[in-house]
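Good morning, and thank you for making time on the agenda.

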Amino acid sequence: MLGFLKRPVVVTADINLNVVALTAVGLLSRLWHLAYPRAVVFDEVYYGQYISFYMKRIFFLDGSGPPFGHMLLALGGYLGGFDGNFLWNRIGAEYSSNVPVWSLRLLPALTGAFSIPMAYQILLELGFSHCAAMGAALLMLIENALITQSRLMLLESVLIFFNLLAVLSYLKFSNSQKHRPFSLSWWFWLMLTGVACSCAVGVKYMGIFTYLLVLAVASVHAWHLIGDQTLSNVCVLCHLLARAAALLVIPTLMYLLFFYVHLILVYRSGPHDQIMSSAFQASLEGGLARITQGQPLEVAYGSQVTLKNVFGKPVPCWLHSHQSTYPMIYENGRGSSHQQQVTCYPFKDVNNWWIVKDPGRHQLVVNNPPRPVRHGDVVQLVHGMTTRFLNTHDVAAPLSPHSQEVSCYVDYNISMPSQNLWRLDIVNRESDTEVWKTILSEVRLVHVNTSAVLKLSGAHLPDWGFQQLEVVGEKLSRGYHESMVWNVEEHRYGKSQEQKERELELHSPAQMDVSRNLSFMARFLELQWRMLTAKSDDSEHKYSSSPLDWVTLDTSIAYWLHPRTSAQIHLLGNIVIWASASLAMVVYVLLFFWYLLRRRRSICDIPEDSWLRWVLAGALCAGGWAVNYLPFFMMEKTLFLYHYLPALTFQILLLPVVLQHVSDHLCRSQLLRSLFSALVVAWYSCACHVFNTLRPLTYGDKSLSPSELKALRWKDSWDILIRKH
């Protein structure tokens, strides 16, 4: 029974020394002097502030991408013991002693290093030779821009890593499909493909293009499975369900998980709260949550409320009034009602308080028990500090003459009667008897006499309006807009009928023992929408560039300059690799269409297995370049050279593919192959020489004289370097 103990336990393993060597050299190139320079380098000033927010558990919103990449950078800070106390306000600022620079830059460096052996593995899985695979890895190793980007606290190298991991995992899964479908390794690589795709999207939104590329290739392979008559219907169904679960369900769940962890980590109020809804703000610790904690849930007649505009653009603001009136004559000669101004004010103020009044009663206090306000009820809104009624009438608004002026009614004893009745329309109600709820209910206030809706126009009033935002009455016929929707943010039950006592009441905080929680899905949906609709910074930057500049490397970015010496770091690519990769792309496209045209005429220039390998390599490498590059032509945000690096990575993978194809299929004689091999070796030597030449600008560890900088000049992109000296 215990006979197996008589034999030793033996474990055998196949170790690819090429992979080991590439990993070791990659780690050396990315980790060497990683903590240098000990200063904020370019976009580290941007990502660093979010790391500090994580360390302090402060909520933030970054419209550039989902939170997974930020969390990975913050993990490095956490492992290094960073407390978040550093002011990220200036590029070049020296890091204080409490900032673990090496730890913060470690993860991008590791992902940059591991991308090198992955490039090797991808070409092997595509069916190309070890020589071609080593060539691709070597190009990744000596590409100066990839080294620079991966040695800093930035996210491009992390995105490239997950892009390559998704492609590699799918290729390993596809190759397992040919030999051992539904095996343990088959399931592992399929699941890892879905996880890698979701991580790529979670790092930056650009990752979705690689995800869609993998889905497209998987869909073509699945289509071939459906037509495979050697498989039973049940087997085909299992294949399709497995792919759907791994490539659709798992990425969706992973994406939700990123936000779930993010919202758990950043639970405190912070500087980005104001662009979120009142309900979201109330779910955060401190800030609005501290103010609104324990407020009454149901708005009643006599309630004192502040009304926040849900749209929140151009800035979040609250319905507001003050003693000042509209000027009798505007600058353009048009007259007004000269009534009390009603505006939207972007700061919390006692003049933001309004009292919900029953038109049939004089009381401005809440009964006992409170009588709630419901959808469809007609109410009056009384300004708390001036006791004047919210009013609108057929008078043109100050800056929006197509809309009605909104005011607080002043009785001038002229033929302009008060029109101060408003019908409550709860937009997100579940029934027609829905009660108006604090924070949760989104409402429109429809004027009874004119059917105009209370709306934030977004225009800034002139000096007579103190630069506050214009509020107008908009006809319903003009359509629905989010700027017509308001919600109660602060709320208390009014207890004082006398004005003096009520003013004291309005100045005092409200505290009642009622609490509300916002579900994760509600917070996720709102946060996702705010991220997608956040206005990107489209201002010009001295280092910004167009996508056309990237291909020719007609641009660079000065990342860091030593304050005392001339040592500096620049994002500048290896021109030999960039130009050759672009040429390889052109050669691939021309050869592909040439072969395709010839195959239409039943002329097969290469064997069928070589053709299929050629097509798959093009779909993943040329397609990976296209989907990561071409979308930038349709983007209006400020673009930089580093946006091209994910596309460049796929182009680098294509270069050895084209070289091997030319050697195997176009060089027909041994002499031609020998000459071509010699040219390739010379070309690789030239690329290595350029890498070594640009190395001082890649690592920034050497002072450069003006003449040395001039010698490194590539087109006009180096003029700025020369001018600095």
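This is a predicted model: local features need pLDDT of at least 70, side-chain atom pairs count only at pLDDT 80 or more; totals for chains, interfaces and linings use all residues.

The torsion about the S-S bond of Cys-317 and Cys-344 is about 90°, so the disulfide between them is right-handed. The two sulfur atoms lie 2.3 Å apart.

Cys-688 counts as partly exposed, since its relative accessibility is 30%.

Let me place these details in the whole chain. The protein has 725 residues, of which 53% are buried. Its secondary structure consists of 21 helices and 14 strands. Along the principal axes, the C-alpha atoms fill a box of roughly 105 × 75 × 65 Å. Among contacts with a separation of 6 or more, 74% are between residues 24 or more positions apart.

I turn now to empty space. Rolling a probe the size of a water molecule over the atoms shows where such space is left. The second largest pocket holds about 780 Å³. Its lining comprises 25 residues, and those closest to the centre are Ser-174, Lys-178, His-221, Leu-612 and Leu-616.

Which helices supply at least two residues each to that lining? They are helix H7 (156–179), helix H9 (207–226) and helix H17 (608–629). H7 gives the most, contributing eight residues. By residue class, the lining of this second largest pocket divides into 13 nonpolar, six polar and six charged residues.

The model contains four cavities of 30 Å³ or more, and the largest cavity has a volume of about 80 Å³. Residues lining the largest cavity include Tyr-301, Gly-302, Asp-358, Arg-361 and Arg-371. Val-356, Lys-357, Gln-363, Val-365 and Asn-367 also line the largest cavity. This lining is made up of three nonpolar, three polar and four charged residues.

His-447 lies in strand S9 (residues 443–447) and is buried, with a relative accessible area of 0%. What does the side chain of His-447 make a polar contact with? The partner is the side chain of Thr-450, at 2.8 Å. Setting aside residues up to four places away in sequence, His-447 touches Thr-392, Gln-419, Asn-420, Leu-421, Trp-422 and Ala-452.

Finally, the backbone. Most residues other than glycine have a negative phi, and most peptide bonds are trans.

The bond from Tyr-36 to Pro-37 is cis, with omega near -5°; Pro-37 lies in the loop between helix H1 (17–31) and helix H2 (44–56). A cis peptide bond also joins Asn-368 and Pro-369, where omega is about 5°. Pro-369 is found in the loop between strand S4 (353–357) and strand S5 (378–383).

The other two concern phi. Ile-439, although not a glycine, has a positive phi of about 65°. Ile-439 is in the loop between strand S8 (422–426) and S9, and is buried, with a relative accessible area of 5%. Ser-451 also has a positive phi, near 65°, and is a residue other than glycine. Ser-451 is located in the loop between S9 and strand S10 (452–460). At 37% relative accessibility, Ser-451 counts as partly exposed.

That brings me to the end of the presentation. Thank you for your attention.

Methods:
Residues are numbered from 1 along each chain as its sequence is written. Side-chain values use heavy atoms; hydrogens and water are left out. A disulfide is a pair of cysteine sulfur atoms within 2.5 Å. Buried means under 20% relative accessible area, exposed over 50%, partly exposed in between (1.4 Å probe, protein chains only). On a 1 Å grid over the protein atoms alone, a cavity is a set of points where a 1.4 Å probe fits but cannot get out, and a pocket is an open set with protein on both sides within 12 Å along at least five of seven lines; lining residues have an atom within 4 Å of a point. Grid points are joined across faces, edges and corners, and a volume is the space filled by probe spheres set on the points. Helices (H or I, at least four residues) and strands (E, at least two) are DSSP runs, numbered from the N terminus. Ala, Val, Leu, Ile, Met, Phe, Trp, Tyr, Cys and Pro count as nonpolar, Asp, Glu, Lys and Arg as charged, and the others, Gly among them, as polar. A polar contact is a pair of N or O atoms within 3.5 Å; within protein, one must be able to donate a hydrogen and the other to accept it, and residues adjacent in sequence count only if both atoms are side-chain atoms. Contact means heavy atoms within 4.5 Å.
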